[in-house]
Amino acid sequence: MTTELPTPSTDRPAPGQLTFRAPRRGKAPTHLADHDLAGRKDWARELGIPAFRADQVSRHYFERLVTDAEQMTDLPKAGRGELVDGLLPRLLTPVRTLSADDGATLKQVHRLHDGAMVESVLMRYPGRVTMCISSQAGCGMNCPFCATGQAGLTRNLSTAEIVEQVVAAARALRHGDLRGGAEESDEGGGDVQEALRVSNVVFMGMGEALANYKASLGAVHRLVEAAPEGLGMSARGITMSTVGLVPGIDRLAGEGIPMTLALSLHAPDDELRDELVPINTRWKVDEALDAARRYFEATGRRVSIEYALIRDINDQAWRADLLGDKLTPAAVVGCMSTPSRSTRRPGAGGPPRAGGSSSSSSSVCWPTASPRRCGTPAARTSTAPAASSPPRSDAGVILGENDDEGVDRCRRTWPTRARPSCAAWWSARRRSSRSSTTC
């Protein structure tokens, strides 16, 4: 059976245009999963339903994964259907399902109540089942390599619409729709229950979750809270992905939920990232990485850096070097001087590393929650500001003594590179060199 897809309701955004405020559309029907347990009871009373019925329906929805009123035999038969329809309105209608990996991966397209479309993906791996979910219909971040971003932002999803993607996937696992499960667990000696539950959830589907902060955080609470309030997942099994909304990252760090943060970087220099990830025009690479570092310090949870290699766009060797430099922790408990490998391979593209001989040394720095610069003991404890502000290049990058020579060397070796890019590269190399002194 073929279902006609709705006409897109938003215009394609102009290049670089960011959309933070979702277009006004009809709100999704209020659902039991939009509230915590206390809120459900209050909502039930407003609907003229005894509060304890909300608890009963919660157990069916989050524990038994049931939405069919006929299976809820502990509810009174008279009016059972109306009661369940009121608390559990239909939020997602499956439109299309694609199978891959011999049935171990299922990608679904869902239609929402207003015709908007969202996607989710259910994936089985050895020892775990991961669910990739959407937080918005469309996306306002407008990354040019992303089909969702190019389509524009249709609307934010409600908390329940986000949660229902996971509950529907868990229901599919119970029904055996995903290849594997109990029989594979028996063969491998695994846990049958683990094979039949969603163990990991990643906010890496459609939308920027931190741009729909309230609903996304509400969904996280429903996922981690114990039944009947939620699904009872481990917070450590949840990953929140972001293009780098710095205020959202800092706000999330203060929530006290030990989930993993994933930062979609895709370029280590501002010149390219301004084009690939337009949010970089608001918060630059270093600001996003600093926020990610603060998240690690606040939560103790690792931060994943996402980098999609795009041929001839962001896959140059010098950008790999710059990425490595920026990800070397500035906060250290101790540094160990180690010989580095040759920092410029024959024929490698992009600017050479500063001091690019194979006999140079680098520092291995171990992160702590207290940022300290690697260097001499005096350098690690000094917080005195520089005596004067150094000059800036035409690219707005801080330059210092002998920087012009470094930039000129870059341009002589790679004449197609513009001066601002070479200046940015050389400045990054200088900062890295200053922070990599042997302890």
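Predicted model: local features only at pLDDT ≥ 70, side-chain atom pairs only at ≥ 80, totals over all residues.
User: Where do I start? How many helices and strands does the chain have?

Analyst: The secondary structure comes to 15 helices and twelve strands.

User: What share of the chain counts as buried?

Analyst: The chain has 439 residues, and 47% of them count as buried.

User: And what share of the contacts joins residues 24 or more positions apart?

Analyst: Take the contacts in the chain with a separation of 6 or more. Residues 24 or more positions apart account for 63% of these.

User: Now the core. Which residues of the largest nonpolar core touch the most other members?

Analyst: They are V198, V201, F203 and L252. The core itself holds 85 residues. Helix α5, residues 159–174, gives the most to this core: eight residues.

User: Take V201. Which residues does V201 touch, leaving out those up to four places away in sequence?

Analyst: V201 touches M131, I133, V166, L223, M233, G237, I238 and T239. Keep V166 and L223 in mind. Both return in the contact between α5 and α8.

User: How do I read a helix pair?

Analyst: Two packed helices are described by the angle between their axes and the distance between the axes. Here, α5 pairs with helix α8, residues 213–224. Their axes come within 8 Å and cross at roughly 40°. That angle makes α5 oblique to α8.

User: What is the handedness of the crossing of α5 and α8?

Analyst: Right-handed.

User: Which residues make the contact?

Analyst: From α5 come T159, I162, V163 and V166. From α8 come K214, A215, S216, G218, A219, R222 and L223. By type, the residues of this contact divide into six nonpolar, three polar and two charged.

User: Let me try another pair. At what angle do α1 and α2 pack?

Analyst: Helix α1 spans residues 37–46 and helix α2 residues 51–63. They pack at about 125°, with their axes 8 Å apart.

User: Which residues of α1 and α2 meet?

Analyst: L37, R40, K41, A44 and R45 in α1 meet A51, A54, D55, S58 and F62 in α2. This contact divides into five nonpolar, one polar and four charged residues.

Definitions and conventions:
Residues numbered from 1 in each chain as written. Heavy atoms only, no water. Core = buried A, V, L, I, M, F, W, Y, C linked by side-chain atoms within 4.5 Å. Buried < 20%, exposed > 50% of the residue type's maximum accessible area, 1.4 Å probe, protein only. Helix = DSSP H or I, 4+ residues; strand = E, 2+ residues; numbered from the N terminus. Contact = heavy atoms within 4.5 Å. Axes fitted to C-alpha atoms, helices over the stretch in contact; angles between N-to-C directions. Parallel < 35°, antiparallel > 145°, perpendicular 65-115°, else oblique. Left-handed = near helix turned anticlockwise from the far one by under 90°. Nonpolar A, V, L, I, M, F, W, Y, C, P; charged D, E, K, R; others polar.
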